[in-house]
Amino acid sequence: MTPPFPSRPRPIAGALRAALLGLALAAPLTLATIAPAQAQSAARSYQIAAGRLDATLTAFAAAADITLSFDAAQTRGLRSAGLNGAYTTAGGLARLLEGSGLEAVHRGQGNYVLRPAGAPPAGETTLKAMTVSANQLGEITEGSGSYTPGTIATATRLVLTPRETPQTISVVTRQEMDDFNLTSIDAVMAHTPGISIVTMDSERTAYYARGFPINNFQYDGIPMTRNASYSAGNTLSDMAIYDRVEVLKGATGLLTGSGDPGATINLIRKKPTKDFHGEISLGAGTNDTYRGQLDFSGALNPAGSLRGRAVAAYEDKHSHLDGYERQTATFYGILEADLGPTTLLTIGADAQDNDPTRSTWGGIPIYDANGNFNKMPRSFNNGADWSSWQQYTRTAFATLEHSFANDWLVKAQFNHQINGYDATLGSAGSGNPDPATGGGITTWEGKYVGKTVADAVDLYASGPFELLGRKHELVLGASQAKRVWTNRSYWAGSNNIADYYHWNGKLPEPDWANAGWQGRDRETIRESGAYAAARLNLRDDLKLIAGSRVLNYENETMKESGVIVPYLGAVYDLNDQYSVYASYTSIYQPQSAQDAQGKTLDPLEGLNYEAGIKGSFFNGRLNASLAYFILEQDNYAEATGGLTPSGGTAYRAISGVRTKGFEAEISGQLTPQWQVHAGFNHKISRQQGNKVATMSPENQFTLSTSVKPAFLPGLTLGGGARWQDKAWADVGHPTLGTVKHTMASYWLLDAMASYQIDKHLSLNLNVSNLLDKKYYTLFDWYSTYTWGEPRSAMLTLKYKF
């Protein structure tokens, strides 16, 4: 097997993610501190200007020191005459809501909820009211207690409910992450319907959706392309700083312009709160795994106009792999400042360091020298004792947004991000072992040090407009981004391993300064673009979203301008609970993949069609969807098994790839005590009748559920199930050349239990792979496999105040 130089990153694909905010218009933050009961009956003086109903309610809630909960959809398109004078809390709310068809109901202790005027009380108590707060990214899930989102903005920049969004989107909320101890993005993806995971080695995983790899990431809506070969932190993200993770399925051309058609992952950071709260947690688990986390948030001045939040987490994770350990440190800070009643400034930064010991490089060869399956222990580690793939991220960001009296909003955001790596690697990874002697294996020994520095700025305006007697919504924006990747490579050669079956990682570390081969890389990619999208209110029950993006990009070898990426979607409401939808988008993805002659493949082009039905129940506390999709592509890069003249993986372009499939998903509250997030997906990719994209299974099922039994208040019990169908890939065989290797289907079961000892203290127990199922994933690039993690448990003590 040839040395696995990390293949050159796809420079065009890596840069052609404009710095977009996956943001849109929504209700502002509506959290307010709880006030004593007597304060609710006392009259206060208020001066609140006329404007959007959600904005005036937000200002009143802050001034009155109450908590006011409502769905953004309840107030969308409504205005208020404002408030000027002395009012009680009840009187002020009634005045602000005049003519809206809504009323505020007091739930006690300063908590209010909006409902349609005259609605029967029984309808209000079907499920517990959620505390709803929202911003330009959609509704915050923290504190909602729910496994489903309220509103989202990833798909179109408009803040819409899942039912109003004409694409499939899966969201893992803060509550689901807390219940199942999903502290890493790998764990979140394992719980996300329709996502499969392939393990490359101990520091690299790859995600697949609808048969295609996911390298499109967003952080608060700002795009960042992951370089899978030179991994630099994207798939090691710690979840301590995030409110939720949104996965938008299919093509995302409107906001990203170019990219893979499988999916985009958007990680939404936690936001400051006006009321003070904090959390301290300590956890211990199997394989000597320990974790600690701190989270503090609240107002920094008496008026609450300056708010801040700080999060820190540290994890020391050992493993079932011999000698492997990873230490992860995460820090996050954010400030929000109200510069005026309608102007908000946000600045923040986050950092994460991942420091592993004895990292693997590649996996276990699938076959031994005789061509039989090379079954090694799950604890086998092919890494040298000095092997370590360190990865780090550094991000600084700032946003400024201003709302106008006519309900228009202007927002500008700047993002500076560094993704870096220091990979000093050695492994017993090449060849096929002789079952009689243990010979036949040689080492890979290489070092790669580099980083990507990305700067992005985005400016957009959003608001309503009237046409033909109806009110519609419009978004207009522009963005510019620059990405610079630098890398230094060292290759020290190979050594023979005398006995692979007794490998213990003992290998002298090379003198890298005098390595046999050294190289440098530098790539600069620039992208700019303009975009527009309109949500047309054709009828009360029919909405049409039409938009387009015009993008320009360039690097050292390619320059394109005026590429148009359209978007079209329609949603028709069948009744108050069900909607049918259809959407279309094109995709344009330049490729850095080369053929065997070293020629770069033509850009990947395709069309994405999707249609389905969505349902929303219990005022949005339960969402369901069923979607059918078709992806048609040309110039799809398929590995040939050969090499390019420079030693990278060679590809060929195949045409006529068509992926068909369907996805079903449900998330939220079935009852006030029962939460569920489940999904089933099926897909088949074919080219001229032959299946392609087989690294991911054709069928998958996921389930996460929790229940609060009535017999013991404070107790939560839950479980999870994950099943995937067989998957196969073309891999190298020592005697037969290229062969098809099939990985069997398997089930994985998880369990959790949580007990709320008092209002501050709780204890959580999580068990993964409950039945200790033995399974593995394939990695066709290296013709290797990697065992999945065996059963593990984690006990966490949390204190909230």
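Tutor: Two strands pair if DSSP finds at least two bridges between them. Helices (H or I, at least four residues) and strands (E, at least two) are DSSP runs numbered from the N terminus. This is a predicted model: local features need pLDDT of at least 70, side-chain atom pairs count only at pLDDT 80 or more, and totals for chains, interfaces and linings use all residues. Residues are numbered from 1 along each chain as its sequence is written, and side-chain values use heavy atoms, leaving out hydrogens and water.

Student: What makes β16 and β17 a pair?

Tutor: Seven bridges join β16 to strand β17 (residues 263–269), in the antiparallel sense. The rule asks for at least two, so they pair.

Student: Which strands form the open sheet, and in what order?

Tutor: The order is β10-β16-β17-β14-β15, with mixed pairing.

Student: Why do β10 and β15 stand at the edges?

Tutor: Each has a single partner strand, so one side of each lacks a neighbour in the sheet.

Student: Why is the pair of Y230 and Y421 called tilted?

Tutor: Rings of Phe, Tyr and Trp (its six-membered ring) pair if their centres lie within 6.5 Å; planes under 30 degrees apart are stacked, over 60 edge-to-face, the rest tilted. The count by this rule is 28 aromatic pairs. For Y230 and Y421 the centres are 5.7 Å apart and the planes stand at 35°, so the pair is tilted.

Student: What does this pair tie together?

Tutor: Y230 is in the loop between β15 (222–225) and β16 (242–249), and Y421 is in strand β25 (residues 409–431), so parts 191 residues apart in sequence are tied together. Both Y230 and Y421 are also in a cluster linked by ring pairs, with W361 and W444 among the other members.

Student: What makes Y578 and F617 edge-to-face?

Tutor: Their centres are 5.5 Å apart and their planes 75°. That angle is over 60, so the label follows. Y578 lies in strand β32 (residues 578–589) and F617 in strand β33 (residues 604–617), so the pair ties together parts 39 residues apart in sequence.

Student: How do you know whether F617 is buried or exposed?

Tutor: Buried means under 20% relative accessible area, exposed over 50%, partly exposed in between (1.4 Å probe, protein chains only). F617 has 16%, so F617 is buried. Y578 has 34%, so Y578 is partly exposed.

Student: What puts K740 over the ring of W728?

Tutor: NZ of Lys or CZ of Arg must be within 6 Å of the ring centre and within 35 degrees of the ring normal. The charged end of K740 sits over the W728 ring, 4.6 Å from its centre.
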